[in-house]
Amino acid sequence: MIALDPLVRDLDGEAVLLRDAGPIARVELPGGVPVWAVTHHEEARRLLTDPRLVKDIGEWGAWTRGEVPADWPLIGLANPGRSMLTVDGAEHRRLRAKVAQALSPRRVEALRPGIERITERLLDELTARADAEEAAGAPRPVDLKAAFAYPLPMGVVAELMGIDEADLPRLQELYDAFFSTQTPPDRVLAVLGELAELFGRVVEEKRKNPGDDLTSALLTAEDGGEPLTVEEVVNTLQLMIAAGHETTISLIVNTVRALLNHPEQLALVLFGEVPWETAVEETLRRYSPTSHVLIRFAREDVEIGGSVIPRGEALITSYSAIGIDTTRHGADAEAFDITRTTPIRHMSFGHGPHICPGAPLSRLEAGIALPALFQRFPDMALAVPDSELRNKPAVTQNDLYDLPVFLRS
Ligand code: HEM
């Protein structure tokens with residue numbers, strides 16, 4: 001049994017262990033909760049389209065027998081309330097349809113000017129700061145995550161869903177606690193309660209004064225269709241904000257980090273010899289923003305890869321291991337290499353009916369943010385040795401505390 005480190009001190013080492021124990025491994029989640037993990041590409045493809053694996057937590061024996069405490073630190077991720085993430089079949093299609101429509105590549109393209117505007121504003125702020133420090137003869141490191149990678153995706157998804165800018169600082173604190181394995185049990189339920197209250201308030205306001213946002217659209221019935229209930233809209237809003245910011249922040253942070261650590265590859269993108277999209281896709285594969293997705297449950301015994309996942313047990317999808325599966329990506333799968341000759345066909349947005357509907361949006365955001373950032377600061381450099389960068393204690397995310405850089409060297 002491989003115990004996932006609640007402090008996420010060595011995500012890369014853990015991914016190798018999981019891959020080598022795969023395709024199906026026994027894993028202990030923080031809090032002593034045993035689950036199965038799929039850690040190879042092909043088996044993940046099969047399991048993520050297998051109707052015997054469902055999202056309904058009522059199928060989890062350990063949960064129904066009371067072996068998993070209600071204040072388990074990961075409960076918000078394992079049991080986030082009724083939304084597209086926690087149902088299957090026709091109900092899943094009903095809860096997902098409008099969100100998927102709103103996030104289609106064509107609709108998302110319309111968000112480009114807004115994303116470019118936020119990007120330019122953030123880069124102007126960074127430039128002003130760099131200029132002032134240079135003039136004072138004292139350039140200081142900037143946390144690129146806080147100053148650039150965080151506000152962009154959070155600003156975009158908040159605007160899409162109609163969340164007020166004034167709520168963003170509090171949301172940041174709540175989501176830190178939401179994703180962390182270190183949140184004390186009595187805080188876990190309080191955080192979930194406050195998130196539900198905040199999103200409940202937003203939904204109530206949109207019900208009274210609908211706007212041009214996706215939350216208002218979710219509250220409106222389609223011709224002849226069943227509208228989503230208020231509770232379903234609240235949970236969908238919570239899901240969209242949770243799924244829509246952390247992941248894209250990590251994508252931007254991890255791409256910058258990987259390129260700064262591989263200057264010869266950075267030069268290739270800067271000189272236009274390798275497209276930015278390739279650098280983004282290689283980061284998605286090698287440093288999957290979602291390291292593990294919780295959680296599906298076996299409604300029947302499922303035989304796969306020489307193992308049987310017994311009925312009533314839980315399965316997680318280990319994307320950090322799947323991205324370095326050598327049978328899929330070759331013997332050098334652990335290398336970050338934007339010049340690799342095999343196509344980068346990763347699964348970091350999931351697969352099957354629950355595949356990420358936000359993929360076009362996050363690709364658009366990264367595709368705007370990264371070239372603009374490096375165009376402004378082409379000789380940016382890490383301000384600390386890479387070995388000093390630390391992951392946050394969030395087992396589902398590949399998420400650094402910070403990314404200190406010198407904007408100009
Ligand atoms: C689902 C990854 C960005 C919204 C998923 C899943 C993965 C994933 C792996 C599948 C979960 C499962 O199998 O249960 C990512 C990554 C992203 C990203 C790596 C960025 C780099 C976004 C964005 C949004 C979003 C920007 C929204 C604006 C969602 C939603 C689901 C989902 C709503 C649930 C879909 C369903 O259950 O039908 N994402 N995501 N994601 N993602 Fe993303």
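**How H11 and H13 cross**

At what angle do the axes of helix H11 (residues 185-208) and helix H13 (residues 230-261) cross? The answer is roughly 115 degrees, with the axes coming within 9 Å. That makes H11 roughly perpendicular to H13 (65 to 115 degrees counts as roughly perpendicular, under 35 as roughly parallel, over 145 as roughly antiparallel and the rest as oblique). Axes here are lines fitted to C-alpha atoms, for helices over the stretch in contact, and angles run from 0 to 180 degrees between N-to-C directions.

A word on the model: it's predicted, so local features need pLDDT of at least 70 and side-chain atom pairs count only at pLDDT 80 or more, while totals for chains, interfaces and linings use all residues. Residues are numbered from 1 along each chain as its sequence is written. Helices (H or I, at least four residues) and strands (E, at least two) are DSSP runs, numbered from the N terminus.

On the H11 side, Leu195, Ala196, Phe199, Gly200, Val202 and Val203 meet Val230, Val233, Val234, Leu237 and Gln238 of H13 (contact puts C-beta atoms, placed from the backbone, within 7 Å). Sorted by class, that's nine nonpolar, two polar and no charged residues. Nonpolar covers Ala, Val, Leu, Ile, Met, Phe, Trp, Tyr, Cys and Pro; charged covers Asp, Glu, Lys and Arg; the others, Gly among them, are polar.

**H13 meets H15**

H13 also packs against helix H15 (residues 276-286), with axes that come within 9 Å and cross at roughly 105 degrees. This pair is therefore roughly perpendicular too. From H13, Leu251, Asn254, Thr255, Ala258 and Leu259 take part, and from H15, Ala279, Val280, Thr283 and Leu284.

**Two buried loop residues**

Pro393 sits in the loop between strand E10 (381-382) and strand E11 (404-406). It counts as buried because it has 21 C-beta neighbours inside 10 Å (20 or more is buried, 12 or fewer exposed, in between partly exposed, with C-beta atoms placed from the backbone). Beyond its neighbours within four places in sequence, Pro393 touches Pro6, Leu7, Val8, Ser180, Thr181 and Gln182.

Val8 lies in the loop between strand E1 (2-3) and H1, and with 22 C-beta neighbours inside 10 Å it's buried. Its phi is near 50 degrees, positive in a residue other than glycine.

**Cis peptide bonds**

Most peptide bonds are trans. The bond from Gly22 to Pro23, though, is cis, with omega near 10 degrees. Leu294 and Ile295 are also joined by a cis bond, with omega about 10 degrees, and Ile295 is in strand E6 (residues 293-298).

Terms used
Contact = placed C-beta atoms within 7 Å.
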